[in-house]
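Here are a few notes to keep beside you as you look at this entry for the first time. Take them in order, with the viewer open.

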Amino acid sequence: MSLDQVKAGEEVIIKRIPDSMAKTQFIRFGIGEGSTVICHSKIPFGPVVLRKNRQEIAIGRGLAKTITVERRSRSGKRS
Amino acid sequence: MGKEVKVAKTTHGGHCHSGSLALDLPENCEKIVLVGNPNVGKSVFFNYFSGLYVDVSNYPGTTIEISQARYKNNAIIDTPGIYGVSSFNDEEIVARDIILSADKVVNVVDAVHIERDLFLTLQLIDMGLPLVVALNFMDEVEEQDLKIDVDLLSDLLGVPVIPTIAVKKRGLADVESALLEAREGHQDSFLHKKLHEMLSRVGSQPEALMVLEGDPYVAARHGIEPAADREEIYVRRRERVNDIVGHVVSEARMSETIRQKIGRLVLNPIAGIPILALVLYGLYELVGVLVAQIIVGFTEKTVMNGYWEPFIRGVVNPIISQKTALGTILIGEFGLLTMTVTYLLGLLLPLVFGFYLALALMEDSGYLPRLATLVDRVLTSIGLNGRAVVPLILGFGCVTMATITTRLLGTEREKTIATAILQWAIPCSAQLGVITVLLAAIGGAYTLLYAGIIFLVLVTIGTVLSRWLPGQSSPLLIDLPPLRFPKPSNVVRKAATRTYGFMKEATPWFFMGALIVSVMQVTGMLNIWQNLWAPITTGWLRLPKEAATAFVMGLVRRDFGAAGLYAMHLSAMQTVVALVTITLFVPCIASIMILFKERGAKQAVLIWIGSWILAFGLGGILAQLLVRVI
């Protein structure tokens with residue numbers, strides 16, 4: 001599943017960030033491949049806002065489409 | 001000056017003049033550099049150390065402003081807010097070079113976002129720089145029921161860590177005294193061997209790390225290929241940060257604060273748009289009404305036109321008559337002592353300050369990145385991303401100022417698109433004022449026609465340039481800082497510092513521009529120019545002959561051009577044609593000066609010539625069409 005398909009409020013694990021520049025920037029912000037994040041909100045047709053602890057970042061829709069994630073249910077089970 | 005003695009060089013090979021930033025300081029002084037992520041309250045620390053005299057200047061070869069000051073016998077230098085040291089954009093390049101020349105670093109860390117900020121801290125430690133960490137926003141840590149074990153953090157990092165609440169001035173003195181204990185922290189053992197090898201090739205540990213992390217610029221300086229270890233080093237560093245954070249941070253509960261709730265509301269599609277409208281309206285009232293109309297009305301009309309110009313004419317005229325060539329240049333219509341001084345002090349100074357004030361308010365409150373997020377979708381369709389909202393909004397105030405802020409965009413391609421849109425299609429507040437009056441006289445339908453045409457032009461320019469320019473625009477990827485109530489004194493100081501920097505830069509350009517126009521006037525070239533364009537005005541644009549004067553005036557200042565249309569009796573259709581033409585017409589002198597400076601001569605000339613073609617081409621087509629239809 002790609003990041004742009006995540007719904008607001010869902011918890012996901014970042015699996016792959018193919019773009020190397022974006023990946024570098026994500027790591028600096030505190031999110032790497034394997035991090036668990038919450039989809040804070042989604043602007044219609046626009047950016048996806050992610051949250052990890054107290055860190056919020058906005059990701060343009062185009063970039064979000066390239067990022068692979070895995071859904072994580074509330075109980076911690078992966079689907 | 002003769003007192004200066006040659007002393008052994010400081011740790012990292014630079015005396016205080018290295019990096020070409022010059023302060024009058026003894027050669028054995030230390031360079032203390034302030035480093036931190038954006039929005040961590042770094043400026044409060046700088047103000048504390050710097051005292052009254054601060055030098056703000058462009059970092060050589062760039063358009064990034066750097067503040068530096070004397071602190072005791074040492075230099076204290078501020079750097080742009082960065083998330084890591086490398087060379088991904090101009091700001092990082094400047095920060096990197098200043099950090100590379102540092103003797104000591106004060107790293108300001110946002111304690112609430114410690115997980116993000118420690119990445120930079122560990123990078124500075126891996127560079128082997130003597131470090132003091134100021135752990136700021138400790139009050140918010142308490143508010144949010146977080147607990148940070150400061151002593152353990154200091155042990156794990158191997159450097160002094162001082163808890164601070166900068167806005168309340170708490171802990172600042174402790175940071176100052178800790179400077180004496182600044183030391184190199186615990187470096188990554190994995191990096192150690194690699195660093196050691198690289199060190200023998202480049203001779204300095206900070207630079208060795210940059211080369212290992214693949215910095216092409218630093219590698220080129222040493223004539224070697226950048227290494228490809230960045231991703232590995234970054235991932236490891238991130239793991240170390242997470243490990244440290246896991247040890248030192250504990251939290252009782254994770255509940256949403258009121259500010260976080262508002263932050264969520266701002267991004268909510270239903271609540272976000274009305275909030276956005278409200279914020280924009282507030283900014284318009286502040287800059288567009290209070291500053292641009294009321295304050296400028298007083299400073300330009302009452303003070304400068306009313307008192308200064310008659311006064312200086314009275315002083316100069318008896319010595320050098322206004323009728324002579326020199327007199328015209330000094331105190332004539334475009335005079336250096338009359339128009340130029342009036343524009344600079346009566347118009348530009350309050351406008352620029354007003355804009356920087358608005359910008360600082362949006363920055364310090366944390367709203368700006370959220371605004372960028374909201375409008376990202378719309379802007380990607382014209383080859384920009386959400387961050388371009390800043391220059392575009394500012395453009396409606398002053399195109400000159402807005403052109404400068406295109407600096408913050410990610411790629412050259414985006415800077416070009418944004419600059420072209422600004423210079424061609426966005427009317428500035430001064431022009432907008434005159435345009436509004438003229439449109440009010442001809443009614444709503446024509447106003448819609450005018451607005452529709454300009455909007456269409458704006459979208460077309462963006463779309464065409466976005467298709468035509470090579471490369472790709474950068475995607476939006478930004479950090480959303482928490483919403484904070486901006487501290488008034490900080491906002492004012494920030495705006496004042498930037499205004500000073502801007503005025504210092506713009507002033508010589510202004511005098512030069514006015515000098516050129518005055519010389520044209522004295523030599524009669526202005527008249528020739530005017531007659532040259534008359535046929536196009538009457539034949540092609542179907543406007544009265546006198547309209548040519550308005551276009552010549554528009555060369556000097558955009559609202560001049562529009563104001564020149566006041567005196568003419570134009571039909572409604574002629575008004576629309578004239579307004580479309582004058583809006584798309586060449587930017588004002590100040591704008592052109594900045595355009596050359598920011599975008600280089602080649603692009604500036606293209607944009608300038610393009611605006612002639614666009615204005616007269618579209619204006620003419622419109623005139624020909626409207627005449628046929630009606």
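**Where the chains meet**

1. Start at the contact, to which chain A brings 28 residues and chain B brings 30 residues. Do keep in mind that this is a predicted model. On the side of chain A that touches chain B, α1 (20-29), β4 (55-59) and α2 (61-66) each supply at least two residues. The most comes from α1(A), with 8 residues. Sorted by class, that side of chain A holds 13 nonpolar, 11 polar and 4 charged residues.

2. Next, look at β4(A), which pairs with strand β10 (residues 477-480) of chain B in the antiparallel sense, over 4 bridges. Within this pairing, A:Ile59 stands opposite B:Leu477.

3. A:Ile59 turns up again in the largest nonpolar core, which has 194 residues. Along with B:Ala134 and B:Phe355, A:Ile59 is among those with the most contacts inside that core. Helix α14 (residues 339-365) of chain B gives the most to this core, with 15 residues. As for B:Ala134, its contacts beyond its neighbours within four places in sequence include B:Phe45, B:Ile162 and B:Val175.

4. Now for chain A by itself: what pattern does it follow along the sequence? Chain A reads β-α-β-β-β-α-β, with 2 helices and 5 strands. Its radius of gyration is 11 Å, close to the 12 Å from the globule rule for 79 residues, so chain A is as compact as a globular protein of that length.

5. Finally, buried residues make up 46% of the 79 residues in chain A. Of the contacts in chain A between residues at least 6 apart in sequence, 53% join residues at least 24 apart.

Notes
Residues are numbered from 1 along each chain as its sequence is written. Chains are lettered from A and ligands numbered from 1 in the order in which they are written. This is a predicted model: local features need pLDDT of at least 70, side-chain atom pairs count only at pLDDT 80 or more; totals for chains, interfaces and linings use all residues. The radius of gyration is taken over C-alpha atoms; the globule rule is 2.2 Å times the number of residues to the power 0.38. A residue is buried if 20 or more other C-beta atoms lie within 10 Å of its own, exposed if 12 or fewer, and partly exposed in between; C-beta atoms are placed from the backbone. Two residues are in contact if their C-beta atoms, placed from the backbone, lie within 7 Å. A nonpolar core is a set of buried Ala, Val, Leu, Ile, Met, Phe, Trp, Tyr and Cys residues joined through C-beta atoms within 7 Å. Ala, Val, Leu, Ile, Met, Phe, Trp, Tyr, Cys and Pro count as nonpolar, Asp, Glu, Lys and Arg as charged, and the others, Gly among them, as polar. Two strands pair if DSSP finds at least two bridges between them.
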